[in-house]
Each structure stands twice: as structure tokens, then as C-alpha cells.
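Subject: Structure for you to look at

Hello,

Here is the structure you were waiting for, with notes on what turned up in it. Please open it before reading on.

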Amino acid sequence: MKIKLNRLNDDFLFECINDQGNSILLDNTTLPGAKGVSPMQAVLMAVAGCSGIDLVSILKKQRQQIDTFFAEVEGERVQVDEAKPFKSIKVKFFLEGEIDPKKAKKAGELSFEKYCSVSKTLEPNVEIAYEVSVNGII
């Protein structure tokens, strides 16, 4: 796996490009007019995206009908010397459709305990919690 990073302006706007040519913009979001996400926001997005792929994949294999799928992610940071790494991350998944809640909860468990490479990369330094809501029921 390889990523290329290009600086796009005289400040902090970077384009990150993967091997397939897909890209995201990173920027210093503490400054006005930022045109990308911060690297730390990208970490939260990566946790949600990685486990989201796991959940959808598992549920599709179980022939569950997902009509709506979204997640909300919150990260708590702590000061360590000059850096502010994540102390904890909480991911909340919201699914709607013809989905067995037990299967959805099991898919979440499998993702975070076995499959999600992003959350596994962050452990054990970051406490990661999650919940799965199906049709409004947690």
C-alpha cells in the first residue's frame, strides 16, 4: 500500500492520492477557509469507513436488506507532551431496513473485535466503543 501526498497551495492544503488515483484533501482546519479535513478527522473517518465496510459486507452475506446506513463518530483527545492523540473513540451506527438486530450487533462485534484494521491499529492506545442501532432501537 502506498499513498502520495502533494501540497496544493502555499499553506497547508494537501491532496493524498492512493494507487487507484482516488484522493482526499487534508488541511489545517484550525485556520479559516480550510478546504479539506484535518488528519485527525481523517482518522475518525477511517475508523467509521473500515468498520462500515465490515458491517455492510457481513450483513449482505446474511441477506439483510439495508435501506439506510450512516455512522456518527466522536473522538476524545488528550494532551501528551506537544501532541493531542485520541484517548477514546465512540462509533454509533444507524441502520434501517429489513435487518435482524442480533445479526447487526454481531456484525459490529466482529468488526471491532476481529476485522477492522484501522481500529486494531489504534489499539491498545485508544479505547474504542461502538453501538449499533437498527430501525431506531439500540
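The protein chain exposes about 9,200 Å², and carbon and sulfur atoms supply 52% of that area. Accessible areas come from the Shrake-Rupley method with a 1.4 Å probe, and for residues only the protein chains shown count as cover.

Some ground rules apply. This is a predicted model, in which local features need pLDDT of at least 70 and side-chain atom pairs count only at pLDDT 80 or more, while totals for chains, interfaces and linings use all residues. Residues are numbered from 1 along each chain as its sequence is written, and side-chain values use heavy atoms, with hydrogens and water left out.

Overall layout

The protein chain has 3 helices and 6 strands, in the order β-β-β-α-β-β-α-α-β from the N terminus. Helices (H or I, at least four residues) and strands (E, at least two) are DSSP runs, numbered from the N terminus. The C-alpha trace spans about 50 × 35 × 30 Å along its principal axes. Of the 138 residues, 30% are buried; buried means under 20% relative accessible area, exposed over 50%, and partly exposed in between (1.4 Å probe, protein chains only). Among contacts with a separation of 6 or more, 47% are between residues 24 or more positions apart, a contact being heavy atoms within 4.5 Å.

On charge, there are 18 positive and 20 negative side chains, and the centres of the two sets lie 5 Å apart. Lys and Arg count as positive and Asp and Glu as negative, with His and the chain ends not counted. Each charge is placed at NZ of Lys, CZ of Arg, CG of Asp or CD of Glu.

Pocket and cavity

Both were searched for on a 1 Å grid over the protein atoms alone: a cavity is a set of points where a 1.4 Å probe fits but cannot get out, a pocket is an open set with protein on both sides within 12 Å along at least five of seven lines, and lining residues have an atom within 4 Å of a point. Grid points are joined across faces, edges and corners, and a volume is the space filled by probe spheres set on the points.

The largest pocket has a volume of about 270 Å³. Its lining includes M1, K2, I3, C16, I17 and N18. Both β2 (14-17) and β3 (23-26) supply at least two lining residues, and β3 gives the most, with 3.

The whole structure holds 1 cavity of 30 Å³ or more.

Individual residues

S119 is in helix α3 (residues 117-122) and counts as buried because its relative accessibility is 1%. Leaving aside residues up to four places away in sequence, S119 touches F112 and I128.

The peptide bond from E123 to P124 is cis, with omega near 0°. P124 lies in the loop between α3 and β6 (127-134).

Two residues other than glycine have positive phi. R63, in the loop between α1 (39-61) and β4, has phi near 60° and is exposed, at 76% relative accessible area. D81, in the loop between β4 and β5, has phi near 55° and is exposed, at 69%.

Regards
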